[in-house]
Amino acid sequence: ILPTSCLALGYWQVGRRRWKLDLLDRIDENVHKAPVPLPSGARASLDLPEYAAITVRGQFDHSREAVIGPRSLIEDMLPVGMSQSGNKVMGPVLTQKQHRAHTQPSNPAGYFVVTPFQLADRPGESILVNRGWVHLDLRDPATRTPGQVKGIVEISGYVRYPEAPPPYGSFPKLLECSDKEKQLPQLQYYGRQVNDMARDMDTLPLFIDATYDSSTTGGPIGGQTRVNLRNEHMSYIITW
């Protein structure tokens, strides 16, 4: 019985490996496709393939920012050779505090800044945009005013699906901001809790990671997307 069971499990893992390789190929294809406008019928991340590249046009509602973290800067999709001292957030309009924060040792702790984005072609509807990474010292929007882009803009990004929060962080934490007249307290999440964020910030449950090219001087560092799928089926095949 045991040899037969091992053979069956090994054969099953062969099928799983083919499925995972096909999935990785599709994701790689999505990531490298030219972005297309957000389909009119899409009302949630799950309506689209994960990592699909899309463009959206509208404006940010910075008064309702949220953050995910603490997180480290993801460099996977940043320009080759770019360092923290040479990216778009290091423009001449930055304050000394911003400059110090972004020139600290590599891979410091920070947050992903998630902002409701009001769609220009869908009045009254907003999506969630991960604008990118900021250092812990720049969590408060008042410390990065030049990067709070205003007016109608067009940005590109990758569709992301919800991820389960860690067991210690199922509920968001309220973080006070210095400009209480213009800024609501930030909600701090510990994972990409798309449905919770959409409910709390009154948006569609549609979440995108903005690309690096969508970064603005003085604002978060875009391009915070990591494709990270484990593929250990070959070792399982050998084991069985």
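Are Phe60 and Phe117 buried or exposed? Phe60 is buried, and Phe117 is buried as well, where buried stands for under 20% relative accessible area, exposed for over 50% and partly exposed for what lies in between, with a 1.4 Å probe and protein chains only.

## Basis of the model

This is a predicted model, in which local features need pLDDT of at least 70 and side-chain atom pairs count only at pLDDT 80 or more, while totals for chains, interfaces and linings use all residues. Residues are numbered from 1 along each chain as its sequence is written, and side-chain values use heavy atoms, with hydrogens and water left out.

## The chain as a whole

The chain holds four helices and nine strands, and its elements follow the order α-β-β-β-α-β-β-β-β-β-α-β-α from the N terminus on. Helices (H or I, at least four residues) and strands (E, at least two) are DSSP runs, numbered from the N terminus.

Of the 240 residues in the chain, 47% are buried. Among contacts with a separation of 6 or more, 75% are between residues 24 or more positions apart, a contact being heavy atoms within 4.5 Å. The chain exposes about 12700 Å², of which carbon and sulfur atoms supply 55%; accessible areas come from the Shrake-Rupley method with a 1.4 Å probe, and for residues only the protein chains shown count as cover.

## The aromatic pair

A search of the whole structure finds one aromatic pair. Phe60 and Phe117 form this pair in an edge-to-face arrangement, at 4.9 Å centre to centre and with 70 degrees between the planes. Phe60 belongs to strand S2 (residues 53–60) and Phe117 to strand S4 (residues 109–119), so that the pair links distant parts of the chain, 57 residues apart. Rings of Phe, Tyr and Trp (its six-membered ring) pair if their centres lie within 6.5 Å, and planes under 30 degrees apart count as stacked, over 60 as edge-to-face and the rest as tilted.

The ring of Phe60 also has the charged end of Arg131 over it, 5.1 Å from its centre; the criterion is that NZ of Lys or CZ of Arg is within 6 Å of the ring centre and within 35 degrees of the ring normal.

## Strand S5 and its partners

Strand S5 (residues 126–135) is mostly covered, with 10 of its 10 residues buried. S5 pairs with S4 in the antiparallel sense over nine bridges, pairing being assigned if DSSP finds at least two bridges between two strands, and Val113 has Gly132 in S5 as its bridge partner. S4 and S5 form a hairpin with six residues between them, and Gly124 in the turn has a positive phi of about 85 degrees.

S5 also pairs with strand S9 (residues 207–210), in the parallel sense and over three bridges, and here Val129 stands opposite Ile208 in S9.
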